[in-house]
Amino acid sequence: MYSRPVLGFHSGGVGECEGCHSVHNSKEGAVVGIGGSSLLKGSDPTSTCLLCHQVNNATGPSTYYVSTPDGEIPAGIPPKQLSPGGDFAWLKKTFTWYPDMVSPLNTSPGERHGHNVVSLDFGYQPDGTNLTAPGGGYPSQSFSCISCHDPHGKYRRNLDGTVTTGGRPIKSSGSFDVSPAPDGQTSVGSYRMLAGSGYAPKGIGGSLAFIYPPPVTLAPLIANRSEATSQTRVAYGSGMSDWCRNCHTGNIHNGVVGFKHPTSGSASGTSTGTLDSVMSAYYNSYVKTGDLTGIQATAYLSLVPFEIGTSSYFVLASILGNAPTKGPDSADGTPSVMCLSCHRAHASGWDRSARWNTKTTQIERNGKYSEEGALYQPYGQGRSEAEALQGYYQLPETKFDPNQQKLCYKCHSTLPQ
């Protein structure tokens, strides 16, 4: 494998060995610390990742950071990073509130805000409620960054569209709108170095090895950013829900029992999650509660993304970006709901790593996301206005109705409003 020196440490595959490992506990003649197993610089895989992916005293969201230090998230102050996957520090924010004068104190525990990565050095604890992945057998005690991302970057996208762990050398990242295309001599890395078929981190049994390949997805190069003035669009093509099923094998959203939302993917059976013509038209016309004047050209909402239903990276590159982009269009593929239509991959300010607050009938009340300072907070639910605004990636409250209902309605015209 080779990479371009002007790019970041991850250029589609693995960086230099000494970026993560410390041979003889030293680098360039200096002692680097105690280190962990496998000669890692951190005590464990996530701790090693966060040596680079967490930063102190950041002024705002920036580049490849995905975590905010403990001392920078006191009560009322939100995590700083706004990567599409979310800031893991939301896992350390627990909110309490009284919904009314007769109900008991309600709680939104931090561990319910996302994927609970384990890091001894950075204070991230395993999920104390689910001992294994919901719907699957992956152990919570072993969950880390490398449960999803292949640290050695072996997975590569080839010219014919296949994803393999060997073959042509990886010349660059395959994650971004500016990424080069694979050719007859070289390949590009999988999206975000996500692992694929056959993958199981060291120490995880082969019975838990991945079945599905990485998703067909592209992101804008500048994606960790505020959406106060324009939205960030990651272009999801296909395969995301199946990839999530590598760990959540029980088809927990298969439309069979209870609230089981259908999603796209080959494992979905007859419940494909497809946005049919009626739902697509509604998505394109829906602006906010009581306003159906939208048009397809500017209909996309980053809080309710959808999968295009294509394996064409050319199509994906034409629709991603940091400006208003179009809603579902059958000319691009078969649009569908996928896991990330409702959830963030890392963590969020809301329960279940949701993109919006799904535990209340409204996401705004009287033009505010929060009810900060009020005695009873049935809608703000213990968040400060700053925390709630950050939970919505700084999309201004004025984008929605002053008493905006939940964002399920972006797709569902048949639900009561």
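A residue counts as buried when its relative accessible area is under 20%. In this predicted model, Ser 119 comes in at 1% relative accessibility, so Ser 119 counts as buried. Where does Ser 119 sit? Its place is the loop between strand 4 (106-108) and strand 5 (156-157). Leaving aside residues up to four places away in sequence, Ser 119 touches Asp 44, Thr 46, Ser 47, Leu 50 and Tyr 124.

The model has three cavities of 30 Å³ or more.

| Site | Volume | Lining | Make-up of lining |
|---|---|---|---|
| Largest cavity | about 100 Å³ | 13 residues | eight nonpolar, two polar, three charged |
| Second largest pocket | about 400 Å³ | 27 residues | 17 nonpolar, seven polar, three charged |

If you want to find the largest cavity on screen, look for Pro 84, Glu 227, Thr 232, Arg 344 and Arg 355, the lining residues that lie nearest its centre.

For the second largest pocket, the lining residues nearest the centre are Arg 157, Gly 161, Val 216, Ser 311 and Tyr 313. Which element gives the most to this pocket's lining? Helix 4 does, with three residues. Helix 4 (313-319), strand 9 (216-218) and helix 2 (240-244) each supply at least two residues of that lining.

Technical notes
Residues are numbered from 1 along each chain as its sequence is written. This is a predicted model: local features need pLDDT of at least 70, side-chain atom pairs count only at pLDDT 80 or more; totals for chains, interfaces and linings use all residues. Side-chain values use heavy atoms; hydrogens and water are left out. On a 1 Å grid over the protein atoms alone, a cavity is a set of points where a 1.4 Å probe fits but cannot get out, and a pocket is an open set with protein on both sides within 12 Å along at least five of seven lines; lining residues have an atom within 4 Å of a point. Grid points are joined across faces, edges and corners, and a volume is the space filled by probe spheres set on the points. Ala, Val, Leu, Ile, Met, Phe, Trp, Tyr, Cys and Pro count as nonpolar, Asp, Glu, Lys and Arg as charged, and the others, Gly among them, as polar. Helices (H or I, at least four residues) and strands (E, at least two) are DSSP runs, numbered from the N terminus. Buried means under 20% relative accessible area, exposed over 50%, partly exposed in between (1.4 Å probe, protein chains only). Contact means heavy atoms within 4.5 Å.
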